[in-house]
Amino acid sequence: MNNGKPNWWSRPSSTPEAARIPTPSPADEGDGDFPLPAPRPAPGQEPADLTDPAPAPGPPAAEPPAEPVAADAGPAAEPPAPEAAPAVELTKAAPEPAVELTKTGPATEPAAAPPAEPTPPAPADAEAYAPAPQARQPLHTPDEYRTPPYGEPGPWAPAPPVQRPPAAVPPQAHPHPQPHSQPQAHAHPQPQPQGGAAPWVQYDPWSAPGTGAPPLPRKKSRKGLAIAAALAFALVTGVIGGGIGAYVERNGGITTVELPQAEAGDTGRAPDSVAGIAASALPGVVTLHVRGNGSSGTGTGFVLDTKGHILTNNHVVDGAASSEDISVTFSSGETARAKLIGKDTGYDLAVVQVTGVSGLKALPLGNSDNVRVGDPVVAIGAPFDLSNTVTSGIISAKERPITAGGEKGDGSDISYVDALQTDAPINPGNSGGPLLDSKAQVIGINSAIRAAGGGSGEGEGDGASQPGSIGLGFAIPINQGKRVAEELINTGKATHPVIGVSLDMQFQGDGARVGEKGKDGSASVTAGGPAAKAGLRPGDVITKVDGQRVHNGEELIVKIRAHRPGDKLELTLSRDGKELTKTLTLGSSQGT
């Protein structure tokens, strides 16, 4: 079945080519070929060498299907010659070239289609000879010339459409008007308007190079894109580099920092170094907290023996109403209640005792008479309640007469100290703590400081201004402290050495002057006392004690109290312009 499709297809020839096809003669009909009617020539053109005139118009005769002829077949029976039929010219919607297929071998490529020749318009009576519409139209218009093929039929597929930009063709006059609106088989291409845009065209793979396809758009230069990419890369790397630099600057790097450090070594120190002295003495130093009479205070003390006796300043514990108000804290952190054993206002010393505490370490006592100015010293205490504080310095002076106290106004609370001066920092809270020499032996009891506002201070409890240490600290010599501590432990009271005179504390001259009368109007020289026995009189001015100069009455008291009762003293005095020397033995009085 052909399904309404013609068996053979070929490209139609143009009108001039059809005119050159000769009409077969009757003598050639016996060769086996069937005749084909020649196409109708265009108006104004006459076919050449035509023997048969065109038949009269009439309906087209039925055309028998052509039989294929094998390539190796011999002569076949000659079919009856059909009658000449008039040529039929079919109209097409648009010029569409057909592909002429020939079979000469395994496969052949389609030949290039020649350019279409302009075709004159169809005659007016073409409508009468148009073929009847069929139920199914073929994809291509049948060959109107019935050109016999020279091979097997090709595949049933149309050639790819080819579009080319129309060429400018001068307009031609048509002799006959178009009676119908149907498109003609071969229409002339319309001229391109001047100045208009070229129509879109389709790529023709079989066309010659450089024809048909429009020029490709010029590629944009990538120079600008490369510059933009380089700038963006520089910006990103700059930001990242800046961030890394800031991080390295602030943190010292991007990796974990490990600093070099010395290996663990020997922690021992020389015994005469500050560290060695502190390590040896700290276990025997305590901190005292006292409450009573609406006040509280903090001071320091040190252990005298294994029985729990602790030496400190009187002004540290003077505010305690009872023994229950005194608390002692050791360097180990252990705390115990302390009992007041005895105190002395004139020497500013006191002794307390703790019980039930084991492992007490007593500090060894040195000899303050062996101290020389410039010797290194270490002070330990609790300045401003900072326990176990260690400071160091030197001995700045010896036998510095100082007085402290006097808050009561009657002089009963004034202490007279022939002190050791040191530049080791001492502050309120250091009072009662030990002053140690290079052998870790106690050579003094820290008791007072010189405040910046003037006057002397005794740490906690005195009325002097005490902003802090200015390098003027004073300690009671341990020789004096030892004697007083022994008396307080043994009797609960301390004795004071006396010469048996009343001094004129208002005297403005150089030296200590014996008063004319005593406090209550009695005699200024005690009858039967040490001074009376040595021949001193009222009005005498004492200028030296054992060869050491004294400038006022306080210094004389300090020098006398630096000795024990029963000691012999050599006094240098001035009487009526004459210098006299007297020797006396010190008496004793009960302290308070």
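Colleague: I take two strands as paired if DSSP finds at least two bridges between them. On that basis, how many bridges join strand 16 to strand 18?

Modeller: There are 4 bridges between strand 16 (residues 541-545) and strand 18 (residues 568-575), and the two run antiparallel. Helices (H or I, at least four residues) and strands (E, at least two) are DSSP runs, numbered from the N terminus. This is a predicted model, in which local features need pLDDT of at least 70 and side-chain atom pairs count only at pLDDT 80 or more, while totals for chains, interfaces and linings use all residues. Residues are numbered from 1 along each chain as its sequence is written, and side-chain values use heavy atoms, with hydrogens and water left out.

Colleague: Which residue of strand 18 is the bridge partner of K544?

Modeller: K544 has T572 as its bridge partner there.

Colleague: And what about strand 19, how many bridges join strand 18 to it?

Modeller: Strand 18 and strand 19 (residues 578-585) run antiparallel and are joined by 8 bridges. R575 faces K578 of strand 19. The hairpin formed by these strands has 2 residues between them, and D576 takes a positive phi near 50° in that hairpin.

Colleague: Is D576 buried or exposed?

Modeller: D576 lies in the loop between strand 18 and strand 19, and its relative accessibility of 76% makes it exposed. The cut-offs are as follows: buried means under 20% relative accessible area, exposed means over 50%, and partly exposed lies in between (1.4 Å probe, protein chains only).

Colleague: What is the phi of D348?

Modeller: Phi of D348 is near 60°, again a positive value in a residue other than glycine. D348 is found in the loop between strand 5 (335-344) and strand 6 (349-354). With a relative accessible area of 3%, D348 is buried, whereas D576 is exposed.

Colleague: Changing topic to electrostatics: how many salt bridges does a search of the whole structure find?

Modeller: The search finds 8, where a salt bridge is a side-chain nitrogen of Lys or Arg within 4 Å of a carboxyl oxygen of Asp or Glu. One of them joins the side chains of K559 and E399, at 3.6 Å from N to O. Because K559 lies in helix 7 (residues 553-561) and E399 in strand 8 (residues 389-404), the pair ties together parts that are 160 residues apart in sequence.

Colleague: How accessible are K559 and E399?

Modeller: K559 counts as buried at 9% relative accessibility. E399 is partly exposed, at 36%.

Colleague: Which residues make the nonpolar surface patch of about 430 Å²?

Modeller: V236, I240, I244, Y247 and V248 make that patch. Patches are made of residues with over 30% relative accessible area and no salt bridge; like charges are joined within 9 Å, and nonpolar side chains (Val, Leu, Ile, Met, Phe, Trp, Tyr) within 5 Å. V248 lies in helix 2 (residues 223-251) and is partly exposed, at 34%.

Colleague: Finally, what is the mean pLDDT of the protein?

Modeller: The mean is 74, and 58% of the residues reach 70 or more; pLDDT is the predictor's confidence in each residue, from 0 to 100. Residues 1-19 stay under 50, and the model has 46 contacts for them beyond four places in sequence. Residues 26-34 are also below 50, with 6 contacts beyond near neighbours in sequence.

Colleague: How many helices and strands are there in the protein?

Modeller: The protein has 7 helices and 20 strands. Of its 592 residues, 31% are buried.

Definitions and conventions. Accessible areas come from the Shrake-Rupley method with a 1.4 Å probe; for residues, only the protein chains shown count as cover. Contact means heavy atoms within 4.5 Å.
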